[in-house]
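Reader: I've got a structure open and I'd like to talk it through. Can we start with the terms and then go place by place?

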Amino acid sequence: MKKNLKWLLCLLSTIAIMYTGCASGGSDSESAECEVGKIYAEIPTDPIYKAAAELSKKLDPENQKYILFFYDGRSGDYSDRTAYLWVDKGTTCSEPMKSDTAKGFKLGYLEFYDGTTALSGIPANVISTLNEGGSIKAIVKNLGDTWNWQTNDCSLTTATGDRHFLITSGTSSKSENKTYAISDEVKPMILGADSQGKKTIKVNLNVAYGLDSGIGSSDFVLKDSEGSELPIVDSINFDNQNKLKNKAKSVLLTLDTELDVSNTYYISHPLFNPKEGIIVSVQGAVKDSATYDGNDLGLTLEGNKATFKVWAPVASDVKLLVYSTSADVGTFNAASITAKAVGSTTDEELYGTPAVDPIQMVKDSTNNVWSATIDDVSAYKYYKYQIINNGTTYFVCDTYAKATSADSIAAQIVDINSAAEAIPSSTTDKAFGTKEGYYNPFKKDYSDAVIYEMHITDWSAAESGEYKNTAAGNVGKYLTVANSEKIINHLKDIGITHVQILPVFEFAETNANEKYNWGYNPYHYNVPEGRYVTVGYEDGTQAVLEFRTLVAKLHEAGISVIMDVVYNHTNGTQGGSLYDSQVPYYFYRFDATGAYSNGSGCGNEVDTEAPMMKKYIIESLKNWMLDYHINGFRFDLMGCIAKETMADIYDALYEIDPSVLVYGEPWTGGTAAVENGAVSAGTASSGLGYGAFDDDLRDAIKGAEFGGFKYGQVQGTINDSAINALILGKVGINKRNSTGKLGLALHYVECHDNYTLFDKLAISYWRIKNNKTGDITTTGNLFTKIGEDGVATVKAWDKLSAAYVFLSQGTAFLNGGQEFLRTKRGNHNSYNTSNTSSSSTNGIDLTFKETYSDVYNVYKGLIALRKANPEAFGANEAAKAETYNKVSGVTKYTTGDFLVYFNATDKSVEIESTGYTKVIDVTSGTPTESTTLPASVPAKSFVILKK
């Protein structure tokens, strides 16, 4: 069939949108699945859809409101559900869903915008994006700031003119769900287009379309920013790349020439809206661009001579800006700080007052590196790049910099490993920057480690006695912890081997912002956070000096240091991200609609498979090891990171230190676009490999953290099969460690996230005593609320929980303060909870150590026993665990020379001790032996026997 005739038939056949299945076409498509040029738009026949459509007409007959409908099969109301909406950074709507019945189905719904007013908690850019015909993301979740229940990520677009949407789901946490736009007719739309490489483009449609079953463009048109058309030589079904399977909602177009990543392209089709076309995302073409293998990106200093290099394949122009003082480097616009926490790199105020005219950088087209050299930089102190990407000018701090001005506005011209002002003079830890100078007090295996989690501000409160996050009293500073004998002596006394510090790289609050934050909002991965510096931030080396001092002081106490790192997302994207500003789209993953993937739950997801991102992460980690003598890394949301990348990370760090600890959270924060993510521990080419937190043991001991308030073994919800397997280091239902290497399982019952162990157990006691069910919790002073009897009961549960962890096979982990009943007053999501001088949510109160010394001493004694007997506790593959004498809740655990009875029941249980001559008492903090063997194990307790 001639092309023009086929085109005419195509037009005639689509005057009315078809709601039928596939049909045969002319002679050239008789073997094809669908008729060429036909649109197949089907309104869903799901009865839930019809019910939602009926209800939408009742609620909004003029189609003026944005309404989100929800159905999960319940017959009651939906007042415990709401929506979390975002474009790049989201918030939870503060309003509950309403309920109504249509066609016999009870549905929840949220009218979140009526044309003039948005519900409280809806980000402004969500409404503006919808008004402009764009796409947003949505999650239906439980009401409030907690995340006890949620759906997967859903995409909502008004590009089709639709304003009403339906999400259907099951009732389990993060269950699979479906999303529909509710409409009387389906309008053909191009939803998104993104390059897969330099000569291929994927186009996503909202309806199926019959493609040309031969070679051809199927009438898609590609133009550049000048209006010139680029030839499309082929079109094929992206999901089933067989010419006969031509019914496609995703189309792969092949071009005759390569895309120029510094240009802008538009894809259109005469049968699809928008008629003018939509912009093609070039991220795939960028990722197919030439990479750079060298290790000299950023600043290289040779005396006073400086060379600057930046990889920027999309840039049409790059200039170097240099400054004499920190006062000259410019500032973020106040409005952009409000919008993006740390401002936008597109703010013109960031140009500042350069010391000389902008210096033109030269591009090497073979590797996309722009460079400039200054023979004498002695008159300059800071620099940044002025990068033009797709017609937008960005002022970008060097992402490879190791010291920066305040808020990472500009990079500092300094070698932190030779500058005296960056090197501590009062510590023995001084040789920085080389493998030979690196130091680690710990030289054993994973399972020999006892890891202790800390946050700078929380523990500064332990020294100062102040629980407010201000500069007064030096609260929340590196040196507050480093110079505190009280804190350091506590860490030595309890006997831990490693301190894991919550994020200390530059995160996205300005130094002037005194609001509390844990730091899981990365801005610059390579420099220390400025808010923890004691004397301001006029010189970036001050942060280097003070963080190095903290690490060195811990080393002198014999304690190794682990950094909590967040290479899974950045605080923002585009102008809110240094990385996106340097190379748009390259460093992130995208979903099928071309939007930023949100596996982190924070609006974006770093692409750890992209060669230059993977290279950057590994170099960044090596810098932290060599420049600061960091001895291990805990990866936030490790499930967002590719397994191959994690293995390569471990291999690179193992080469520096075979005793390095690398582990992470083996889950994501949402639906991730990562392929083969690290959702469990994994092996590498060298050493043991990387570990993973074992949430199965955590949940078995005290109850799950998600899907509602759950109980565990210690509260009386007995699960012997899980406990008996997991304390041996075997895998549970989530299979967090299938490597066979016991030390790669991180065993714990408390970390910074969720309730503290005391809070979880205290709330459990209160609920059980008061016969409360559902998601009911309590807050405030939990010691007072549960009374003396409650505290005594919770202490017993707590000690038993600790015994399961410290006597198990795996690597032991505890949160700082867990050992003396740390409380967050019932707040299980306190990442940004401000502290005041009168009441602390997160601050550490070391007086608890004396008040609850009986609990503290049990922890101390268990840790000492574990460390003294590594052949029994940690990596003993011959250990055995079974339910004792068929008494549910009582575990008989034999390992090495030891026999341990764990009793989670409410009654004392008689035990056997044949073959064992001693009992070990850990209650004083020092394990002591006695030959007077007990005849029973008390309720909610444990007994340790020895041969």
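Predicted model: local features only at pLDDT ≥ 70, side-chain atom pairs only at ≥ 80, totals over all residues.

Reader: Is Ser 268 buried or exposed?

Author: The cut-off for buried is under 20% relative accessible area. Ser 268 has 15%, so Ser 268 counts as buried. Leaving out residues up to four places away in sequence, Ser 268 touches Ile 190, Asp 219, Phe 220, Val 221, Lys 275, Glu 276 and Gly 277. So the word you want for Ser 268 is buried.

Reader: Where is Cys 34, and how far in space is its C-alpha from that of Gly 210?

Author: Cys 34 sits in the loop between α1 (3-13) and β1 (39-40). Cys 34 is buried, as its relative accessible area is 0%. In sequence, Cys 34 and Gly 210 are 176 residues apart, but C-alpha to C-alpha the spacing is 5.5 Å.

Reader: On to charges: how many salt bridges does a search of the whole structure find?

Author: Pairs count here when a side-chain nitrogen of Lys or Arg is within 4 Å of a carboxyl oxygen of Asp or Glu. Searching the whole structure that way, the number of salt bridges found is 37.

Reader: Which parts of the chain does the salt bridge of Glu 54 with Lys 103 link, and how far apart are the closest N and O atoms?

Author: Glu 54 belongs to helix α2 (residues 47-59), while Lys 103 is in the loop between β5 (98-102) and β6 (105-113), 49 residues apart. Glu 54 is partly exposed, at a relative accessible area of 36%. The closest N and O atoms of this pair are apart by 3.6 Å.

Reader: Why does the pair of Asp 607 and Lys 287 tie together parts apart in sequence, and by how many residues?

Author: The two side chains meet in a salt bridge, 2.5 Å from N to O. Asp 607 is in the loop between α10 (578-582) and α11, and Lys 287 is in helix α4 (residues 283-287), so the pair joins parts 320 residues apart in sequence. Asp 607 is buried at 9% relative accessible area, whereas Lys 287 is partly exposed at 23%. The separation you asked for is 320 residues.

Reader: Which residues are linked in a network of salt bridges with Lys 287 and Asp 607?

Author: That pair belongs to a network of salt bridges. Besides Lys 287 and Asp 607, the network links Arg 589, Glu 605 and Glu 609.

Reader: Which helices hold Lys 849 and Asp 493?

Author: Their side chains form a salt bridge at 3.8 Å, N to O. Lys 849 is buried, with 16% relative accessible area, and Asp 493 is partly exposed, with 31%. The pair ties together parts 356 residues apart in sequence, because Lys 849 and Asp 493 lie in helices α17 (residues 848-851) and α8 (residues 485-494).

Reader: Last one: are α11 and α12 roughly parallel or roughly antiparallel?

Author: The axes of α11 (residues 611-628) and α12 (residues 643-656) come within 10 Å and cross at roughly 30°. The contact residues divide into nine nonpolar, one polar and four charged. Angles under 35 degrees count as roughly parallel. Therefore α11 and α12 are roughly parallel.

Key:
Residues numbered from 1 in each chain as written. Heavy atoms only, no water. Axes fitted to C-alpha atoms, helices over the stretch in contact; angles between N-to-C directions. Helix = DSSP H or I, 4+ residues; strand = E, 2+ residues; numbered from the N terminus. Parallel < 35°, antiparallel > 145°, perpendicular 65-115°, else oblique. Nonpolar A, V, L, I, M, F, W, Y, C, P; charged D, E, K, R; others polar. Buried < 20%, exposed > 50% of the residue type's maximum accessible area, 1.4 Å probe, protein only. Contact = heavy atoms within 4.5 Å.
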